[in-house]
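This report looks at salt bridges and at a contact between domains. Have the sequence and the model side by side as you read.

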Amino acid sequence: MIIMAEHAGFCFGVKRAVDAISESLKANHEVWTIGLPIHNPQEVSRLESLGLRVAENDSEIPAGAKVLIRAHGEPLEVTERLKSRGIDVEDMTCPFVRKAQEKAASLSREGYYVVLLGDKNHPEIKGIIGHVSDKSNAEVIADEEEAQNVRFHEKTALISQTTQREERLERIAGILVGKSSELRVCNTICKATAQRQEAARELVRKNNLDGVVLIGGKSSANTGKLRDILESEGVNVLWVEDESETERNSDWFRDKNMVGIAAGASTPEWLIDKIKNIIAAKQEVQGVLVH
Ligand code: SF4
């Protein structure tokens with residue numbers, strides 16, 4: 001028997017961006033993104049076979065090209081540079097990321113010192129900080145320890161990367177409240193990541209599973225987090241990136257009658273379906289009742 005996690009696969013923002021790339025590729029033979037549009041090699045290969053080109057930075061994109069800004073967003077100056085070169089830009093920044101960018105921009109204009117909670121090297125954080133006009137009046141912190149080092153400012157705004165945990169945002173707000181006369185806290189956390197994590201936990205707790213197949217790119221941080229959660233629930237996890245890896249692990253399925261499936265926010269539905277069918281076929285061979 002196969003049991004799916006209640007929330008698995010593409011989140012709203014990634015689906016929206018990938019659908020826009022697919023649509024755009026129908027009309028334009030070549031479409032560019034800056035950086036990978038999604039942390040899933042199979043989906044990137046599919047899009048590349050249709051004409052997607054991935055640039056490392058905006059200077060690689062030729063004049064007259066079409067660019068889609070991915071769900072993580074880009075700093076304002078990147079979009080402006082592209083437009084000034086006559087490049088056709090379609091902005092597919094996820095609306096939740098857009099909200100964080102707008103908060104950072106407007107609160108900075110209002111004179112707030114902007115503290116951004118997140119990973120400094122993540123493109124989403126680079127994009128958000130890239131919307132603050134006075135960069136000397138902003139900083140990125142990763143955790144509570146770094147929050148302790150934030151200096152006193154009359155007015156401080158705390159904004160979060162969309163994938164942070166609410167508990168951490170609360171703890172950091174608690175630290176910053178003593179470092180400012182006025183603290184504004186913007187909860188810009190998106191529920192999609194937390195939903196997938198909760199669904200993975202529930203999948204294990206509500207079902208007597210023999211194991212969980214986790215589907216997602218090995219470089220996908222959100223899929224890695226799902227693996228940690230599943231393992232902390234004490235279930236046997238098989239993390240696969242594609243169909244061939246599922247086939248190669250035939251031994252893992254032996255004597256596993258109840259198998260759960262979980263997938264990261266960057267895993268496309270077509271890949272989940274393919275792997276689900278492979279698992280169903282394996283179970284049928286073993287005489288397991290498949291649902
Ligand atoms: S995880 Fe949330 S913020 Fe990020 S792209 Fe998906 S829906 Fe948007």
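In which helix do Glu198 and Arg201 both lie, and how many residues apart are they? Both lie in helix 8 (residues 191-206), 3 residues apart, about one turn of the helix. Helices here are DSSP runs of H or I with at least four residues, strands are E runs of at least two, and both are numbered from the N terminus.

The model is predicted: local features need pLDDT of at least 70, side-chain atom pairs count only at pLDDT 80 or more, and totals for chains, interfaces and linings use all residues. Residues are numbered from 1 along each chain as its sequence is written, and side-chain values use heavy atoms, with hydrogens and water left out.

**Salt bridges**

The structure holds 21 salt bridges. The term means a side-chain nitrogen of Lys or Arg within 4 Å of a carboxyl oxygen of Asp or Glu. Some of the pairs are listed here.

| Pair | Closest N and O atoms |
|---|---|
| Glu198 and Arg201 | 2.8 Å |
| Arg53 and Glu30 | 3.1 Å |
| Lys282 and Glu247 | 3.1 Å |

Lys282 lies in helix 12 (residues 269-285) and Glu247 in helix 10 (residues 243-248), so this pair ties together parts 35 residues apart in sequence. Lys282 is buried at 13% relative accessible area. Glu247 is partly exposed at 42%. Buried means under 20% relative accessible area, exposed over 50%, and partly exposed in between (1.4 Å probe, protein chains only).

Arg53 forms a salt bridge with Glu30. Arg53 is in strand 3 (residues 52-55) and Glu30 in the loop between helix 1 (12-27) and strand 2 (31-34), so the pair ties together parts 23 residues apart in sequence. Arg53 is partly exposed at 39%, and Glu30 is partly exposed at 34%.

Lys66, Asp88 and Glu90 are linked in a network of salt bridges.

**Domain 2 against domain 3**

The chain is divided into domain 1 (2-7 + 192-285), domain 2 (12-93) and domain 3 (96-189). These bounds come from an automatic or database domain assignment. Domain 2 and domain 3 bury about 800 Å² between them, 58% of it from carbon and sulfur atoms. Buried area is the accessible area (1.4 Å probe) that two parts lose on being put together, summed over both. His72, Leu76 and Thr93 supply 50% of the area that domain 2 buries against domain 3, more than any other three residues. The count between these domains is 1 salt bridge.
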